[in-house]
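Q: Please take a close look at one part of this structure. Start with the whole for context, then go through the part step by step.

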Amino acid sequence: MNNTAEKNVYEGNDPYAVPLNEIDVSLPERFENNDFWPWFERLRKEDPVHYCSDSEHGAYWSVTKFQDIMYVDTHHDLFSSETGITIASQDEDFVLPMFIAMDQPKHDVQRRTVNPVVGPMNLANMESTIRERVITIIESLPVGETFDWVDRVAIELTTQMLATLFDFPFEERRKLTRWSDIATTNLDAGLIETEDERRAELIECLEYFTNLWNERVNKEPTGDLISMLAHGESTRNMQPMEYLGNIILLIVGGNDTTRNSLTGGVVALNESPDQYEKLRNDHSLIGSMVPEIIRWQTPLAHMRRIATEDTELGGKQIKKGDKVVMWYVSGNRDETAIENPDDFIIDRKNARHHLSFGFGIHRCMGNRLAEMQIRIVWEELMARFHSVQVMGEPTYIRSAFVKGYAHLPVKLVPLES
Amino acid sequence: MPKITFIEHSGEKHEIEADTGISVMEVAINNGVPGIDADCGGACSCATCHVMVAGDWFDKLPEIDAMEESMLGLNTMRETNSRLSCQLDSTDELDGLVLQLPEFQG
């Protein structure tokens, strides 16, 4: 097929106006316009394991239903992470090895080194720190005035948390936000214009973190992530690019994701006033609301694998070497796996049974930390305010990977006296 | 019906006359034993149905397969007697089994 250019043009929003075999769900414009939903709906109904022969990222399979995604995610022997975990192929001159993009056994060994920092025992110790910071942030917000939730709350809180986990110089913490954004941004999204610019900023990130490493490698181990990497048996001899890769993984993993679930919760509650009312009447529902927010938002839209051998999936023949994209964002709205999946239901039964963290050996390491942060934010908000009210349309990020918000204008509504 | 005892981290005991033909994880969930999340629903892919096997029961249980080993290996709360309860079938042979629950499910 030679009509790539035509096919990749954004085609409005009628998925039935396009022949099935030409559907490419990876177009970042659709995520920016938040109108990708009916495209996945069509694939789930008509072609749940879908081959797109031609896209910006080459040919790829889309896996759109919950059970098929679960199958791919849990068969890490058949579906490798080794060459990257997003639909975009890595730039071969600038490969950043990181454990999320490794197979066994190396994956397990490296992950085990850093796992404890977000393990449940450590989290229990961190809860009071997180709560203090949440309260400080919330109490600094204007009441009754419109402000940007993304910047003032979502970014600020997740960045503070990351700075703590890395023991990163606190005043310079927004560097973490910047590097996280730079690592994942699409070139046409407005942050940077060329891959060279991306490399230059990431090298800056490496230099900064190399200084922190050098500071810590000669000291006794402390509980922060950099110290853990510098002293860990399986990580202390990492090459610079591998160190950078793992730093980026931890920054992106702990930043973009929780940030967008913190914002997604505000959007979801505003779209479902009955659920907001239910929450106001019973704050104990926050516990089940948190996984529901994470499902509803699905802050990472997909993860990708490469087939390691010829195999069958959903009746389709996948060839060795094929790119296979698991669309978590679609599986989380699969009506055959989740009842009324488009509804946001804060007391949903079995709310934890969602795909946002992935399943299997690559399952999100920081899931409990993310849940804890979101829980605390809502506990402290609902104790002080009637609601966080959305004052205008959100601006969505132009990316088929990081599914989230650039801005969200909101206003805090005080409790009725 | 085998009797299976779950002991919460707090020490609270739940003695269950367990159904057979389901997993030990499902026995806990069906009987409202708190402390088992089972996020993945029994697919050995989340490690949130983690239990510790009391006494000499550990050696009597079926062996840990590669997937369970992988998932346990990434669990920071793992002990030498850890298992994932979704991988244990509830059978009459398990009569008297005692399982301790961890403080947190990771």
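A: With its 417 residues, chain A would have a radius of gyration near 22 Å as a compact globule, and its value of 21 Å agrees with that (taken over C-alpha atoms; the rule is 2.2 Å times the number of residues to the power 0.38). This is a predicted model, in which local features need pLDDT of at least 70 and side-chain atom pairs pLDDT 80 or more, while totals for chains, interfaces and linings use all residues. Residues are numbered from 1 along each chain as written, chains are lettered from A and ligands numbered from 1 in written order.

Along its principal axes, the C-alpha atoms of chain A fill a box of roughly 60 × 55 × 40 Å. Chain A holds 15 helices and 12 strands (DSSP runs, H or I of at least four residues and E of at least two, numbered from the N terminus).

The part to look at is where helix 9 (residues 195-217) of chain A meets helix 11 (residues 240-271) of chain A: their axes come within 10 Å and cross at roughly 95°. These two helices of chain A are therefore roughly perpendicular to each other (65 to 115 degrees). Helix 9 of chain A brings Leu202(A), Cys205(A), Leu206(A), Phe209(A), Thr210(A) and Trp213(A) to the contact, and helix 11 of chain A brings Pro240(A), Tyr243(A), Leu244(A) and Ile247(A) (C-beta atoms, placed from the backbone, within 7 Å). By type, the residues of this contact are 9 nonpolar, 1 polar and no charged.

Elsewhere, 18 residues of chain A are in contact with 14 residues of chain B. On that side of chain A, helix 4 (66-74) and helix 5 (106-114) each supply at least two residues. The residues there divide into 5 nonpolar, 6 polar and 7 charged (Asp, Glu, Lys and Arg are charged; Ala, Val, Leu, Ile, Met, Phe, Trp, Tyr, Cys and Pro nonpolar; the others, Gly among them, polar).

Notes
Axes fitted to C-alpha atoms, helices over the stretch in contact; angles between N-to-C directions. Parallel < 35°, antiparallel > 145°, perpendicular 65-115°, else oblique. Contact = placed C-beta atoms within 7 Å.
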